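Trainee: Can we go through this one together? I'd like to ask about a few spots as we go.

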Amino acid sequence: MIREIFNSIMGEGKYIGRRFIFIRFAGCPLNCLYCDEEHKKHVNLVEQYPSSGKFEKQNLESEEDIIKAVNKLKTPDLFSVSFTGGEPLLYHKEIKEISKILKNLGYRTFLESNGIFPERVFHFDIASIDIKLKDHFKNIGEEEYKKIYKNELKTIKKFYNMGTDVYAKIVITKDSKINDLVEISKDLSDIGDVMLCIQPATPINNIQPPSQKTLFKIMEACGEHLKDNVMLTLQIHKILNIL
Ligand SMILES: C[S@@+](CC[C@H](N)C(=O)[O-])C[C@H]1O[C@@H](n2cnc3c(N)ncnc32)[C@H](O)[C@@H]1O
Ligand SMILES: Nc1nc2[nH]cc(C(=O)O)c2c(=O)[nH]1
Ligand code: SF4
Ligand SMILES: [Mg+2]
């Protein structure tokens, strides 16, 4: 179930720069061309101490094991515990229990999800929902993409109506279509006060980000519907060369 647990600085989205503990779950039903996470193996790695970047294998079978690992990685500046992956909501039942215990211990809970499981949504303090674009997949069918997108909007709407601090994040590549982004911004603005984080792809395989000029154009086009609920986020952990 768990790939790794580590402490680092949030490198993406609305809470960039905050100190987080990341619980990374293994496996994912999607295969985004830009994905930078090797999430296929369930390897139970826990960072030896905060920001050491060194891991040891630990038994993470029980909730107690996981909570103990989180508590050990706590730092005075800690902002939240992120459930990420792979796709964390593959393990929604287990995460529901773990997040309840963490809440009772005073932690803020954060979900980093591709949003394709609206039926599995439950309480998190903050939810970052990644909206995928057609160019994120190798020849995806129109119907298949529409289903993914519809579920992502449903997930965002569900969190919004529950009062969760929910925002959307979209990885933008040089092939991303500005009209698609305008459509998405309209749909998000119809839900309510939802921040959209435009995240240029960190180059990987042959995926490249758009030009700076295009980034400005994309943000302005999204602002037509979302006003100032548009921000650009770069993966700062890659720039800092941290986890
Ligand atoms: C690895 S995914 C795991 C959580 C969930 N499956 C998802 O897609 O949101 C975490 C985030 O990493 C970001 N990401 C992955 N590869 C990236 C890349 N090459 N450039 C920019 N962001 C990337 C995506 O925005 C994604 O939301
Ligand atoms: N520092 C850091 N910030 C992150 N924000 C989202 C991440 C993820 O892989 O889910 C991530 C990550 O892998 N590292
Ligand atoms: S949904 Fe997330 S974990 Fe899955 S392939 Fe896409 S970026 Fe990677
Ligand atoms: Mg990552």
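Trainee: Okay, Lys227 first: is Lys227 buried or exposed?

Mentor: Quick ground rules: this is a predicted model, where local features need pLDDT of at least 70, side-chain atom pairs count only at pLDDT 80 or more, and totals for chains, interfaces and linings use all residues. Residues are numbered from 1 along each chain as its sequence is written, chains are lettered from A and ligands numbered from 1 in the order in which they are written, and side-chain values use heavy atoms, leaving out hydrogens and water. Buried means under 20% relative accessible area, exposed over 50%, and partly exposed in between, with a 1.4 Å probe and protein chains only. Lys227 has a relative accessible area of 58%, so Lys227 is exposed.

Trainee: What is phi of Lys227 near?

Mentor: Lys227 lies in the loop between helix 5 (212-226) and strand 10 (230-232); helices (H or I, at least four residues) and strands (E, at least two) are DSSP runs, numbered from the N terminus. Most residues other than glycine have a negative phi. Lys227 has a positive one, near 55 degrees.

Trainee: And Ser51, what is its phi near?

Mentor: Ser51 is in the loop between strand 3 and strand 4 (55-57). With a relative accessible area of 53%, Ser51 counts as exposed. Its phi is positive too, near 65 degrees.

Trainee: Which class does Leu45 fall into, given a relative accessible area of 24%?

Mentor: Leu45 lies in strand 3 (residues 45-47). Leaving out residues up to four places away in sequence, Leu45 touches Arg3, Glu4, Ile5, Phe55, Glu56 and Lys57, where contact means heavy atoms within 4.5 Å. Its relative accessible area is 24%, so Leu45 is partly exposed.

Trainee: Where is the cis peptide bond?

Mentor: Most peptide bonds are trans. Gly86 lies in the loop between strand 5 (78-84) and helix 2 (92-104). The cis bond has omega near 20 degrees and runs from Gly85 to Gly86.

Trainee: Which residues surround ligand 3?

Mentor: Here a residue counts if one of its heavy atoms lies within 4 Å of the molecule. The shell is Cys28, Leu30, Asn31, Cys32, Tyr34, Cys35, His39, Gly86, Asn114 and Lys132.

Trainee: Last one: what radius of gyration does the chain have?

Mentor: The radius is taken over C-alpha atoms, and the globule rule is 2.2 Å times the number of residues to the power 0.38. With 243 residues, a compact globule would come out near 18 Å, and the chain agrees with that at 17 Å.
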